[in-house]
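Please read the following report alongside the sequence and the three-dimensional structure.

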Amino acid sequence: MKKKRAVSEVVAALLLLVVTVGVFGIFYAYYVNGLSSSSTSVSQEIQNSNKATGELMSLVSYQVQGNTITLYLYNYGLQPITLNPPQKAFLISGSQQQQANDFGLSDATSNKPINTIQTQELAQLSLTFNNIPSSGSFYIEIIDSIGKNFEFQLSAG
Amino acid sequence: MSFSFTLKRKLCFTGMSYRRKGLASLPITIFFIALVAVAFVSIDALTSAQTGLFSKQVSVENTLTARQQELSGLSASSAGNGLLQVTQNSGVTTNIVYAIAQTNNGQAFSEPVNYAVTSGQTQSINLTSLVQQMFNGNIPSGLTSITLVTSRGIYITSQVQMMQIPHQVTVQQQQQVQQASCPNGGNLQGSNCVTTYQATWHPGYYSCPAGWYLVGSNCIQVHPEPMCPNGGTLQGSTCVSSSPASYSNGYYSCPSGWIRGGTYCYQQRTTWYYVPGHYTTQTVWVPGYTATYQQCFPGYWTTSWTWVPGHWQTYQYRFWGFVFTYKVWVPGYWASILTWVPGYCNTYRYYVPGYYTTRTVWVPGYWTSQTQTYRTAATWHPGYIFCPRGSTLIGSNCKTYSPPNWFCPGGTVIGSSCIIPATWHPGYYSCPNGGTLQGSTCVITYQATYYTVEEMVPVSQTVYNTELQPVSSWLIGG
């Protein structure tokens, strides 16, 4: 009887150790690299929120030519910002909202097409809409690959 | 299932096992150690500088704070000559990393630049050079604005206007040029020919006035014209000068210590002597005073008559131990009464007037002085006529006799000769053939002969450079 009790206590201690290390391993894997899952998990949402916090972009200049608006966007944040895909941009004027027909992102200096605006980089985004207001102010809203919205106010004319 | 059962079982019996067996608490101890380790590692993962969620939020917050600080301290102004001055005053350094040039036809061009504006300083940016750098030395037509982008995503947009600035440049141009030549071997200087030759030298010499002899560099004249100094007249070989004699007026004088008053001398003398002690009679005043006088009258007895009215007089007598009382009527009567009149005193005040009286007092010996004025006749000194030393009094004039001086202006008299320096006539150059003397050279200038040739000559031309001038319209934001 004495011999059986001693063996079970040691086995239980080893099992507890294995379980603890396993839980930590799962947590670390979720946090650092994420789990390879096709569906959006909670950890993925946390990572996206974390990345969205570091995405900072400003509109430094723009031009309106016909139905095309050219935006000069500068990434001053801590994360690269990917706009292509999803290529989603909207023009909001009052209660009217229209999506861009054409979405062209390029490096502002070399004019080469790009998908992501790296940190400390200036990019040129050309958007074509059906109808651009000729007076007053309106908003351009851009959605990046992790769903963060960037909204800029423009003045027509 | 077996694990959870075993764990529950061990947990339930831990307390009992601990009391009974020390080894039984080992699983729980290991479990808690592992749990604490997991907690530490998790906290470290969350706060890691590279991937931690909290640290990333802090970095973003710092980035936004610095951006807001940069925006608040950023300003721009125009300094003329196409210079844009950017100033940062909020404690951060502004790095301008991009420039965007826009034209009025909707085109825009951007290029990375590198300007640093430290806090408290102003950075001048030459917009003309910047645009020329962006467009390979050219400035595109219709340029309307230039936007500078900082590393924190803040833009400075400056409206610009293109200005044509005139500049003077020198270019080589072929022209017909008149060239000059000097046919007679002269040197061409400007439009003239110049010929030079050695001038003729004329040496210098000494000269003396007429009647003087040249000895070396001096002129000597023997027995020159005599002259008398101080307006004297020459009498024979002697100069006699005469001047009125001087006259001294008479005067009174007093010995030393005396003061003259008119024709007398006065002196005050003070004599000290001792007065011995002696008695002397002095008249003194005795002041008046108020005195009192008291006169007393003694008391005395006196008699007076008084009417005693009638009354009953009670009498008693004793008889054998009994006392008998009876009254007798006494009729009224005049009675003589002896009365004491007390004495009294009267006090009188009277004034004793003051009066003069003489008395003899002793005066002790003392020293005293007495000043007396003495007078004596002043001494009279009569006036006289005199001449200065070296002259003789003749009549009322003083005459002076002296040998004549030789007239030798600007020279030296030695014996009866006058020596003056001879006049020096320096040597000189001359140009006998009509040249112009320049130093020891004669110069002849004449017009050069001209002929026409074709050659490249520098010509000044005005060209216009395009410069950008920032207008006073700034837009700073981000």
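## Basis of the model

This is a predicted model, in which local features need pLDDT of at least 70 and side-chain atom pairs count only at pLDDT 80 or more, while totals for chains, interfaces and linings use all residues. Residues are numbered from 1 along each chain as its sequence is written, and chains are lettered from A and ligands numbered from 1 in the order in which they are written.

## Chain B overall

The secondary structure of chain B comprises five helices and 41 strands, where helices (H or I, at least four residues) and strands (E, at least two) are DSSP runs numbered from the N terminus. Of the 478 residues in chain B, 11% are buried, a residue being buried if 20 or more other C-beta atoms lie within 10 Å of its own, with C-beta atoms placed from the backbone. Among contacts in chain B between residues at least 6 apart in sequence, 69% join residues at least 24 apart; two residues are in contact if their C-beta atoms, placed from the backbone, lie within 7 Å.

S1(B) and S2(B), the latter covering residues 83-88, are joined in the antiparallel sense by five bridges, and B:Ser75 has B:Thr87 in S2(B) as its bridge partner.

## A hairpin

Strands S6 (residues 143-150) and S7 (residues 155-181) of chain B pair in the antiparallel sense over five bridges, with B:Ser145 opposite B:Gln159 in S7(B). S6(B) and S7(B) form a hairpin with four residues between them, and B:Gly153 in the turn has a positive phi of about 80°.

## The four-stranded sheet

A further open sheet, also in chain B, has four strands in the order S8-S9-S40-S39 with antiparallel pairing. Strands S8 (187-189) and S39 (436-438) of chain B stand at the edges with a single partner strand each, so one side of each is left without a neighbour in the sheet. Neighbouring strands here are turned by 40° against each other on average, direction ignored. S8(B) and S9(B) (residues 192-198) pair in the antiparallel sense over three bridges, and B:Leu188 has B:Cys193 in S9(B) as its bridge partner.

Methods:
Two strands pair if DSSP finds at least two bridges between them. Axes are lines fitted to C-alpha atoms, for helices over the stretch in contact, and angles run from 0 to 180 degrees between N-to-C directions. A residue is buried if 20 or more other C-beta atoms lie within 10 Å of its own, exposed if 12 or fewer, and partly exposed in between; C-beta atoms are placed from the backbone.
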